[in-house]
Amino acid sequence: MGRQKGHGVRRLLAAAAIAAIGTASFDTGAHAAEKVVVMTWGGTWLDYMKKHVIEPFEKETGIEVEVLTHQNTMDGLAKLKAQKADLDVDVWATSPVPALLAAEEGISQPIQKETLANAQYLPDALVTSEWVAWYRFFFGVAYDADAVPEGITEWQDLWDPALAGKLAVPSADNAQGKFVVLLSWLGGGDETRVDPAFEMAQKLKPNVATFFKSDTDQDKYLQSGEVGVASFMMVGNFLPMAESENLKFVAPKPYVPATVDVFTLLKGKNTENGLKFIDFALGKQAQTAFAAEAAVLPANREAAVPADLAKYAPPESQYRYVDEKAVMDGLQSWVERWNREIQTR
Amino acid sequence: MAANPREEKTVPWGAMTVPRLRRVFAARLSPYFLVLPAVALIGLLLAALSSLFLESLRGPDGPTLGLAQYRLLAADPTYRGYFTTSLRIAFLATLGCLILGYPVAYYMETTRRTVRHAIVMFLVLLFFSDYVMRVYALILLMGNNGLANRALLWLGIVRSPVRLMYSETGVVVGLILGNVPFMIFAISSVLSRIDRRLLQAAALLGATRSTALRRIVLPLSMPGVVSGSIIVFLLSMNSYLTPALLGGGFVQMIANFVYDQAISLWNMPLAAAAAAVLLVTAFAMIALLNAGFERLGRRVGIVDGRR
């Protein structure tokens, strides 16, 4: 019995040795072992990304893409922070503010513009050292033409007394404070001086039926007739409702708040492949295909704007991008103040 | 060990046979093994609660521990407002559930079996339906184009839809309709155990039905009323979804405040402090209700005075 046991152990050791040699050669030699780890949103977004970015990228480069998902960007940041000591994520698809927070936490690394061949096709404002834009989207007003027979053409129309109790308005933290920024612009302020935003919001209160936290709530309020006006809707969220003849979407004057979702390069284990992945996603082909399916504006100027979206999109000059850095510094105090002063009866 | 004469009589460990050792181990240790899952569960819960509590002691800046967050909660009238609003709403919702739920429970226990079964089926269905769905159903009922408004318009009572939601009243109504099954079940389970002969005796002694209800059924059903109230009160006090969907953003309860602080603003210490206060308030309410019940119970004779 003793002999047999000894035999078994020896055989096990031999097997382990072979396995170890096998993995070692696999690691150093074979091209197939190359990978990049990407964290992104789940659900349909991931489906579109798989179809138009990940799979074509794998096919073209032979680099395997390992996908992790976050519930929302802040949840993603918490996950990344937790594994900071041994980070194994290379690219994070997120929003600008979380990307800036990641840089502050020291889990991301600066991106040199020259390392991305496709970065030259992006507007200058959309390439920073902390993040590179993946796609753009803008906010407008969706309304029920029955409830608002006069229609809406300017943001100022939201303050019309005829719309008393008809508006769904975002909470301050929705879309990372973009509505507060818009109100500030309209009142003559900006991202660093937001007092005008709160004055504007006070005046808007008689028209507010309900505040909403999530975009889906806003969609439901509008579709069920609970409100006549959805004051701050991403154009992509409107497209599925566009079938209904009573609902209209407008990008009101004087400017349209626009923002981006971005890629940020983390301090992962496959930085080179991470850069290749980002560059591929910024390419004309991937940009056109993804934008068409996800109903967003491509970040790459060479890529085509989706046809069903183009009819709602304002001219380029009307877009105004949010100063995300200033938002990051101010958001917390805005939300506090908003809850205190605005979301009370 | 040798000083103890009883110990010397037992077989020394070394002299035990293997099967015997196994038996002794099984007999002595199995209770400890069996209790392990419970210990793990309670340990996990306590660990989570204590980490929450520890988090709440962190100051706004730096690792120094203190009561700064609690002082902030107590000093700020807006923060205090979240607690008073929650208490008020929870109290009104509990009262509403009691007023609506008691007659239903009583009816269930006094009516025909088939009707009772139908009501139970309906309540069970409510239980199994998703809470979010129930709240959305309320929106369909109370909304601008909802059933209630259509009826009012049709009857000519109002000219344009009235706002039934997006206010504190809307939240209270939502919580009542969402939680009333808990109250009904709690009360009816107690009612069904009341000895029918007591009612017959009361009738024989000349008590009217209302006297019997007031002096026998009502006092004897108090345990159900109390447990139902505790459940409904706690559920209402902790509710997040109902104020979020039916309050229109104008009604902020503690859970909404905790969510905002923890998720939107990343202010974990303040969120933890608010959650801790909520927990303590909940325990205090349970203790208060229980104490009140004991006193009442002793007076009507359903709780033993010596307890």
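**Labels and their grounds**

Modeller: Leaving out residues up to four places away in sequence, A:N273 touches A:E34, A:K35, A:V36, A:F57 and A:I63, and please keep in mind throughout that this is a predicted model.

Colleague: Why is A:N273 counted as buried?
Modeller: The cut-off for buried is under 20% relative accessible area, and A:N273 has 6% relative accessibility, so the label applies. The residue lies in helix 9 of chain A, which spans residues 271-282.

Colleague: What makes the pair A:D86 and A:K269 a salt bridge?
Modeller: The rule asks for a side-chain nitrogen of Lys or Arg within 4 Å of a carboxyl oxygen of Asp or Glu, and for A:D86 and A:K269 the N to O distance is 2.6 Å. A:D86 sits in the loop between helix 3 and strand 3 of chain A, and A:K269 in the loop between strand 9 and helix 9, so the pair ties together parts that are 183 residues apart in sequence.

Colleague: Which salt bridges does A:K213 form, and what makes them qualify?
Modeller: Within chain A, the closest N and O atoms of A:K213 and A:D173 are 3.3 Å apart, and towards chain B those of A:K213 and B:D260 are 2.7 Å apart; the limit is 4 Å. A:K213 has a relative accessible area of 30%, so it is partly exposed, while A:D173 has 18% and is therefore buried.

Colleague: How many salt bridges are there between chain A and chain B, and how many over all chains?
Modeller: The count between chain A and chain B is two, and over all chains it is 18.

Colleague: What makes up the contact between chain A and chain B, and how much area is buried there?
Modeller: The contact takes 26 residues from chain A and 27 residues from chain B, and about 2,300 Å² is buried, of which carbon and sulfur atoms give 47%. In chain A, the residues that lose the most area to chain B are A:E226, A:R340 and A:R345, together 25% of what that side buries.

Colleague: Why is B:V171 called buried?
Modeller: Its relative accessible area is 0%, and the cut-off is under 20%, so B:V171 is buried. B:V171 is found in helix 8 of chain B, and the residues it touches include B:I89, B:T242, B:P243 and B:L246.

Colleague: And what makes B:T94 buried?
Modeller: B:T94 has 8% relative accessibility and therefore counts as buried; this residue of helix 4 of chain B is in contact with B:M183, B:S229, B:V232 and B:F233, leaving aside its neighbours within four places in sequence.

Methods: Residues are numbered from 1 along each chain as its sequence is written. Chains are lettered from A and ligands numbered from 1 in the order in which they are written. This is a predicted model: local features need pLDDT of at least 70, side-chain atom pairs count only at pLDDT 80 or more; totals for chains, interfaces and linings use all residues. Side-chain values use heavy atoms; hydrogens and water are left out. Contact means heavy atoms within 4.5 Å. Buried area is the accessible area (1.4 Å probe) that two parts lose on being put together, summed over both. Helices (H or I, at least four residues) and strands (E, at least two) are DSSP runs, numbered from the N terminus. Buried means under 20% relative accessible area, exposed over 50%, partly exposed in between (1.4 Å probe, protein chains only).
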